[in-house]
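Student: Got a model open here. Can you walk me through a few side chains?
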Amino acid sequence: MISFVVSLVALVFGYFLYGRFVERVFGPDDRPTPAVAKADGVDFIVLPSWKIFMIQFLNIAGTGPIFGAIMGAQFGPAAYLWIVFGCIFAGATHDYLSGMLSIRHGGANLPEIVGHYLGNATKQVMLVFSVFLLIMVGAVFVFSPAKILGGMWEPSFVVESVGPYVFWIVVVFIYYLIATMMPIDKIIGKIYPLFAFSLLFMAAALLVVLLVQRPNIPELWTGVSGDLLTTDKIFPCLFITIACGAISGFHGTQTPLMARCVKNEKMGRPMFYGAMITEGVVALIWATVAMYFFYDSPEPGYTNIEGGAAAINDAPSIVKLICNDWLGVFGGILAMLGVVAAPITSGDTALRSARLIIADFLKMEQKTIRRRLYVSLPLFAVTMGILIWQIADPSGFKIIWSWFGWSNQALSVFTLWAVTVYFVRQKRNYFITLIPAVFMTVVCTTYFFTEKAFTDNVLALTPYWTWILAGTSMVIALIWFTTWYFLKGRKENK
């Protein structure tokens, strides 16, 4: 528990110390924000700061800091290091700067920002890449809550007619369409703070139980006694498994939603950097709970909970088992909110972001419902097609989730490099994004070639070649940046 407490304190200090440093490097001022200058009553609306924080937190969180942290805890206490250092120096920095650049560019979406600093060709790639990622988020976060709700209750005549889960899938999709179409303050602005509070309350309740029970979990200096529960390599797999809570490229698609609602630039640090640190705290709590479940001594926690042994690789089931065991009936209700409401709210903001990205690309105003429908209906049709394939293929969910994990982190690479170019042009401290940009480039490149492209029946790379590939990708990234910096970067005007 000492490692956990130290990590928790480090995250708090990270917000006040490093967060303030990053803020000074960027330099927020009193210029009019898009929420004021471009107010349209739909997407550009001034919202209270507390509401922006709660919406931003739920936008970027969902079930990410729960499920990812649980599965990441299978790697042992190393998860603490990635959550703390990743959140402070990479994730929160990524979220704050992507949000602030969106404000500075009139509420621009991520492809617009990346294209502005990395070129039009990269913008086109980012457009396709980000929309595809957001559609995957929408599809992934329909089926899991529908499956849970269908296990509780579903109209029998619907099950007999068209099969299980269809009723709840339709219900969730109807909600998605309404939430995506409506002004942001009508549905999202009203219910998101409630769900965010529920997610935070559940984490706080688990924190209290942890501090009272003080389970005998592994420390950073002791490690896990025995074998890890996962056979995946810590590098690069840990850095893909734990995204939300450390760094997540998906967040860069969500920050523009709230960047269009911020009244003053100086609100940015608590809204963006603070929301990510809060997500890191939630991930840290769930990683600790999961380490009790996986590695508590003298017996792992799952041996003391009925049905625990069967749930080792099922994060949603672990959430329900732990909450019911530690928090009782009330905990079960909170767990249901966590594994049902949270993914649904992630899905609707993902599709809302996709609508705005496509509309910006087509230069189609979104003030009228008719034009919002022009974009939303094809978007939902594609999402539904992916969902149907996912249900029909037994391994469909696993395939989508696996590629989502990689593409999610790859998205952060584009964002970090774009912000680095911005800082170079502004003649400011670009190392605060250059270092995480290089690191995430290495992680995503290594993961792609060792876990995706060259595995199974193609070519299984040994750990030796994994490190060779990691070193090579780092050298190439640094050579590319250094060449650009000396040939062009320093000569560009602000």
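Tutor: A definition to begin with: buried means under 20% relative accessible area, exposed over 50%, and partly exposed in between (1.4 Å probe, protein chains only). This is a predicted model: local features need pLDDT of at least 70, side-chain atom pairs count only at pLDDT 80 or more, and totals for chains, interfaces and linings use all residues. Residues are numbered from 1 along each chain as its sequence is written, and side-chain values use heavy atoms, without hydrogens and water.

Student: Is Asn 408 buried or exposed?
Tutor: Asn 408 has a relative accessible area of 3%, so Asn 408 is buried.

Student: What does Asn 408 contact, leaving aside neighbours within four places in sequence?
Tutor: Leu 133, Ala 243, Ser 248, Gly 249 and Phe 250. Contact means heavy atoms within 4.5 Å.

Student: Which backbone nitrogen does the Asn 408 side chain reach?
Tutor: That of Phe 250, at 2.7 Å.

Student: New topic. How many aromatic pairs does a search of the whole structure find?
Tutor: The search finds 37. Rings of Phe, Tyr and Trp (its six-membered ring) pair if their centres lie within 6.5 Å; planes under 30 degrees apart are stacked, over 60 edge-to-face, the rest tilted. Tyr 430 and Tyr 485 form a tilted pair, 5.5 Å centre to centre with 45° between the planes.

Student: Why does the pair of Tyr 430 and Tyr 485 tie together parts apart in sequence?
Tutor: Tyr 430 lies in the loop between H17 and helix H18 (431-453) and Tyr 485 in helix H19 (residues 463-487), so the pair ties together parts 55 residues apart in sequence. Helices are DSSP runs (H or I, at least four residues), numbered from the N terminus.

Student: Are those two tyrosines buried or exposed?
Tutor: Tyr 430 is buried at 14% relative accessibility. Tyr 485 is buried too, at 17%.

Definitions and conventions: A polar contact is a pair of N or O atoms within 3.5 Å; within protein, one must be able to donate a hydrogen and the other to accept it, and residues adjacent in sequence count only if both atoms are side-chain atoms. Helices (H or I, at least four residues) and strands (E, at least two) are DSSP runs, numbered from the N terminus.
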